[in-house]
Amino acid sequence: MRAEPDSPERNESSSSKFWRRRRRELSNRWRGLVLRNRLTALVVDRVSVCRLLAYYLLESVGVETKMAESGQEALEFIGEDYDLILVDRYTNNMNGLETIRLLRERHMRSKIIGLTSGEIEIDRAAMIQAGADDCLEEPLRANALADILAEIDRR
């Protein structure tokens, strides 16, 4: 007997499949990632699942990570130095573009990576114009993040 589309059985199955894929993804570059330096990160995302995924990925390799769900909240954390700042394109209170612009106006030299679940090429261009160093597609992929962390760690 098949589960109804919104039934707990179906949702649990979909969730289990999602996490199994995530665990498999953690192989390759992620498992081989060894950071030589103590790194810090700030994750700015309105979607709690995306925020937590980034947090757990970063923390799992020893990156001290803080989270904010809005651009305004992220700006309150400024004063601390971060090696990496991940900013969702669509945040609460102010959008990701404005958040990135304000971070750069406040002379943040952190590597800023925009995150989007929308049109990656359009959002990448807009985020880089706002001051981001690059843009990644959500849901965040461990291997893409590993490359960025390895680059930051080499500095």
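Two strands pair if DSSP finds at least two bridges between them. Helices (H or I, at least four residues) and strands (E, at least two) are DSSP runs, numbered from the N terminus. This is a predicted model, in which local features need pLDDT of at least 70 and side-chain atom pairs count only at pLDDT 80 or more, while totals for chains, interfaces and linings use all residues. Residues are numbered from 1 along each chain as its sequence is written, and side-chain values use heavy atoms, with hydrogens and water left out.

**Fold and sheet**

The protein chain has seven helices and five strands. Read from the N terminus, the order is α-α-β-α-β-α-β-α-β-α-β-α. The five strands form an open sheet in the order S2-S1-S3-S4-S5, with parallel pairing. Strand S2 (64-68) and S5 stand at the edges with a single partner strand each, so one side of each has no neighbour in the sheet. From one strand to the next, the twist averages 20°.

S4 and S5 run parallel and are joined by four bridges. Here Leu115 stands opposite Leu136 in S5. H6 packs on the sheet and touches S3, S4 and S5. The direction of H6 makes about 150° with that of S5. H5 lies across strand S3 (84-88) and S4, running at about 150° to S3. Axes are lines fitted to C-alpha atoms, for helices over the stretch in contact, and angles run from 0 to 180 degrees between N-to-C directions.

**Burial and contacts**

Of the 155 residues in the protein chain, 43% are buried. Buried means under 20% relative accessible area, exposed over 50%, and partly exposed in between (1.4 Å probe, protein chains only). The protein chain exposes about 9000 Å², and carbon and sulfur atoms supply 46% of that area. A contact means heavy atoms within 4.5 Å. Among contacts with a separation of 6 or more, 63% join residues 24 or more positions apart.

**Salt bridges**

Side chains of opposite charge can pair when their charged atoms come close. The structure holds nine salt bridges. Each needs a side-chain nitrogen of Lys or Arg within 4 Å of a carboxyl oxygen of Asp or Glu.

| Salt bridge | Closest N and O atoms |
|---|---|
| Asp133 and Arg104 | 2.9 Å |
| Glu151 and Lys111 | 3.0 Å |
| Arg124 and Glu121 | 3.1 Å |

Asp133 forms a salt bridge with Arg104. Asp133 lies in the loop between helix H6 (120-130) and strand S5 (134-137) and Arg104 in helix H5 (residues 96-105), so the pair ties together parts that are 29 residues apart in sequence. Asp133 is partly exposed at 38% relative accessible area. Arg104 is partly exposed too, at 24%.

Glu151 forms a salt bridge with Lys111. Glu151 belongs to helix H7 (residues 142-154) and Lys111 to strand S4 (residues 111-116), so this pair ties together parts 40 residues apart in sequence. Lys111 is buried, with a relative accessible area of 10%, whereas Glu151 is partly exposed at 34%.

Arg124 and Glu121 both lie in helix H6, three residues apart, about one turn of the helix. Arg124 is partly exposed at 23%, and Glu121 is exposed at 53%. A network of salt bridges links Glu121, Arg124 and Asp134.

**Aromatic pair**

Rings of Phe, Tyr and Trp (its six-membered ring) pair if their centres lie within 6.5 Å; planes under 30 degrees apart count as stacked, over 60 as edge-to-face and the rest as tilted. The count comes to one aromatic pair. The rings of Tyr55 and Tyr56 have centres 5.3 Å apart and planes at 80°, so the pair is edge-to-face. Tyr55 is partly exposed at 22%, and Tyr56 is exposed at 53%.

Note on methods. Areas by Shrake-Rupley, 256 points an atom, 1.4 Å probe, with all protein chains shown as cover.
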